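I opened this entry to record what I looked up in one model.

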Amino acid sequence: MLTGLNHLTLSVRKLARSVAFYRDTLGLRLHARWDRGAYLSAGELWLCLSLDAGAASSAGGSYTHYAFSISQQDFPAFAARLRAAGVPEWQQNRSAGDSLYFLDPDGHQLEAHAGSLAQRLAACRAAPYPGMVFED
C-alpha cells in the first residue's frame, strides 16, 4: 500500500537556473547538486531536478500541477515576493484557502497553498461542488 508522496522529480532545461529558482526564489533547501541534477527539500518533500535539455514546457491547458504547503501567516509575503520577482502566474485562485499558482523557469505548473485537506473538505461540505459526494 502506498503511504504518501516519496519525491518529485522535475526535468529541467537549465540546471543552474532551476536551482536558483527553487533555492533562492522559493526558499527550498539545497542538499546536493551534480552535473545533471540536484536534490532539494521543502519540509518533508524531496525534490529532484534532473537535467533534460529536451524537456518541454508543460504549461498550457493541463491542470496537472505540484502544490507546496505554506503557512497562512507566510503566504502574503511569499506571494508578494514572487510577484515582485516577475514569476508568471498560470491561474487565479478559485478555491477555498489561499493559493498562488505560478510557473517555474521550465514551465512546470506549481502552487503554494495555505491549508489542509481537512480545511478543504470542511469548505466543500459547506458549499459542495456540483455532484460532490462525501465518503466519510
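My notes follow, from the whole chain down to single residues.

**Ground rules.** I am working from a predicted model, where local features need pLDDT of at least 70 and side-chain atom pairs count only at pLDDT 80 or more, while totals for chains, interfaces and linings use all residues. Residues are numbered from 1 along each chain as its sequence is written, and side-chain values use heavy atoms, with hydrogens and water left out.

**Overall.** I looked up the secondary structure and found three helices and eight strands. Helices (H or I, at least four residues) and strands (E, at least two) are DSSP runs, numbered from the N terminus. The order from the N terminus is β-α-β-β-β-β-α-β-β-β-α. I noted a C-alpha trace of about 50 × 40 × 30 Å along the principal axes. Of contacts (heavy atoms within 4.5 Å) between residues at least 6 apart in sequence, 54% join residues at least 24 apart.

**Burial and surface.** I took buried as under 20% relative accessible area, exposed as over 50%, and partly exposed as in between (1.4 Å probe, protein chains only). Buried residues are 33% of the 136 in the protein.

**Ser 18.** I placed Ser 18 in helix α1 (residues 15-25). Its relative accessibility is 0%, so Ser 18 counts as buried. Beyond neighbours within four places in sequence, I found Ser 18 in contact with Val 12, Leu 49 and Asp 106.

**His 108.** I found His 108 in the loop between β7 (98-103) and β8 (109-114). His 108 counts as buried because its relative accessibility is 10%. I then looked for polar contacts (pairs of N or O atoms within 3.5 Å; within protein, one must be able to donate a hydrogen and the other to accept it, and residues adjacent in sequence count only if both atoms are side-chain atoms). One of 2.9 Å joins the side chains of His 108 and Asp 104. A polar atom of the His 108 side chain also lies 3.2 Å from the backbone oxygen of Ser 11.

**Cysteines.** I searched the whole structure for disulfides (pairs of cysteine sulfur atoms within 2.5 Å) and found zero. Cys 48 counts as buried at 9% relative accessibility, and Cys 124 counts as buried at 3%.

**Trp 34.** I located Trp 34 in strand β2 (residues 29-34). Trp 34 is partly exposed, at 37% relative accessible area.
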